[in-house]
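Let's take a friendly walk through a protein model. Have a look at the structure below, and then we will visit a few places along the chain.

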Amino acid sequence: MPPNADPQAPDRTATARSAPWRCPKCQAPRDAFRTEAAQWTCSSCGTAYPVLLDKPFLLHPDNPIRDYFIEHIGKSAGSAPKSGKGKFKSLFPTPPQRVWTRSCLRAVTRILRENDPASSGKVVMNIGSGTDGVYQKLYAPYPDLLRVGLPLDGRIDAFGDAMDFPLQDNSVDLVLSSSVLEHIEDVERSVADQFRLLKPGGLVYAEIPFLRAWHMEPVDYQRYTWSGIEKLFARHGFETVERGICSGPFTAWALFVQDFLIGMAPGASKFPVRILASWLLHPWKFLDRLVENAPWARKVACNFYFVGRKPAKA
Ligand SMILES: [Zn+2]
């Protein structure tokens, strides 16, 4: 167990080993991997994939982002004690950025229940670590849910590129992502790859921002409208099952005002302004619950959710 591993977390090794991985280079299935503590080796093409923070690093050897992540993963992980500034910041927490609509929470709860990996042997994958407070709660009953992505702290089951997932074709029942697609450089490639790895009839659930400030810059590349999201998924073969507002106009308004105030505040005052503005504006976001089904709200909403299906007969 690495020094930064969460002692409360269940042993992920068994889940990670049994997932339908494939070799990113030669696409040989999971059984081709010889898994050792320090590396996974593909017996079909001979490629060795390092194990970092106890997780296999399944990126194609020619992937241009591979070396950056190998160098940086673990450096920012929790092994280093928090700096004085970090400790100070943790004394003044900020509220969750977004408030989720009821329809969105209902949709994701229902989809997870219908695809419970424990009861039916289904494979459910979240893109990224899913450590948002809302998702920690939603995912808690599903310890076998797989997490695949490139978070620097390694809170996933395998490191994988969202434009080239290390998973076999037609092997996953449900792919979930929340506020991830805007950070993927070539989102069309990612959606195409999600379609590839889903089983026929499998579902995709995605939350994507529409009116939200540029964030995690410069790794923030796109926004989608109500109709744009449907077209994005339709271009790659998905049928629309359901879509709606995930965080509405009041969340959009509150976060814009907050970002304005923090942006205009001079240097040292940014931190107190952030604390004050985020708490004062937070209650307004709950007004979204009153307008979440109003058609006008789609024109000025913060985030949408989209549920799509890979046709049973592709
Ligand atoms: Zn291989």
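P218 sits in the loop between β9 (198–209) and α8 (226–234). The peptide bond that joins E217 and P218 is cis, with an omega of about 5°. Most peptide bonds, by contrast, are trans.

## How confident is the prediction?

Keep in mind that this is a predicted model. Averaged over the chain, the pLDDT is 90, and 92% of the residues score at least 70. Residues 1–8 have a pLDDT below 50, and in the model this stretch has 8 contacts beyond near neighbours in sequence.

## Two hairpins

Now find strand β2 (residues 39–42) and strand β3 (residues 48–52), which pair in the antiparallel sense over 3 bridges. Look for T41, whose bridge partner in β3 is A48. Together β2 and β3 make a hairpin with 5 residues between them. In its turn, G46 has a positive phi of about 85°.

β3 also pairs with strand β4 (residues 55–56): the two run antiparallel and are joined by 2 bridges. Here L52 stands opposite K55 in β4. This pair forms a hairpin too, with 2 residues between the strands, and L53 in the turn has a positive phi of about 50°.

## Positive phi angles

Most residues other than glycine have a negative phi. Which residue in the loop between β3 and β4 can we look at here? D54 lies in that loop, and D54 has a positive phi of about 75° although it is not a glycine. Is D54 buried, exposed or partly exposed? D54 counts as partly exposed because 15 other C-beta atoms lie within 10 Å.

Q27 is another residue other than glycine with a positive phi, near 65°. You can find Q27 in the loop between α1 and β1 (33–35). Q27 has 14 C-beta neighbours inside 10 Å, so Q27 counts as partly exposed.

Finally, step back and view the whole chain. The domain assignment gives domain 1 (13–72) and domain 2 (84–309). Taken over C-alpha atoms, the centres of domain 1 and domain 2 are separated by 26 Å.

How many residues does the contact take from domain 1 and from domain 2? The contact takes 20 residues from domain 1 and 17 residues from domain 2. On the side of domain 1 that touches domain 2, the elements giving two or more residues are α1 (13–18), β4 and α2 (66–72). The residues of that side divide into 14 nonpolar, 4 polar and 2 charged.

Note on methods
Residues numbered from 1 in each chain as written. Predicted model: local features only at pLDDT ≥ 70, side-chain atom pairs only at ≥ 80, totals over all residues. pLDDT = per-residue confidence, 0-100. Contact = placed C-beta atoms within 7 Å. Pairing = 2+ DSSP bridges. Helix = DSSP H or I, 4+ residues; strand = E, 2+ residues; numbered from the N terminus. Domains from an automatic or database assignment. Nonpolar A, V, L, I, M, F, W, Y, C, P; charged D, E, K, R; others polar. Buried ≥ 20, exposed ≤ 12 C-beta atoms within 10 Å, placed from the backbone.
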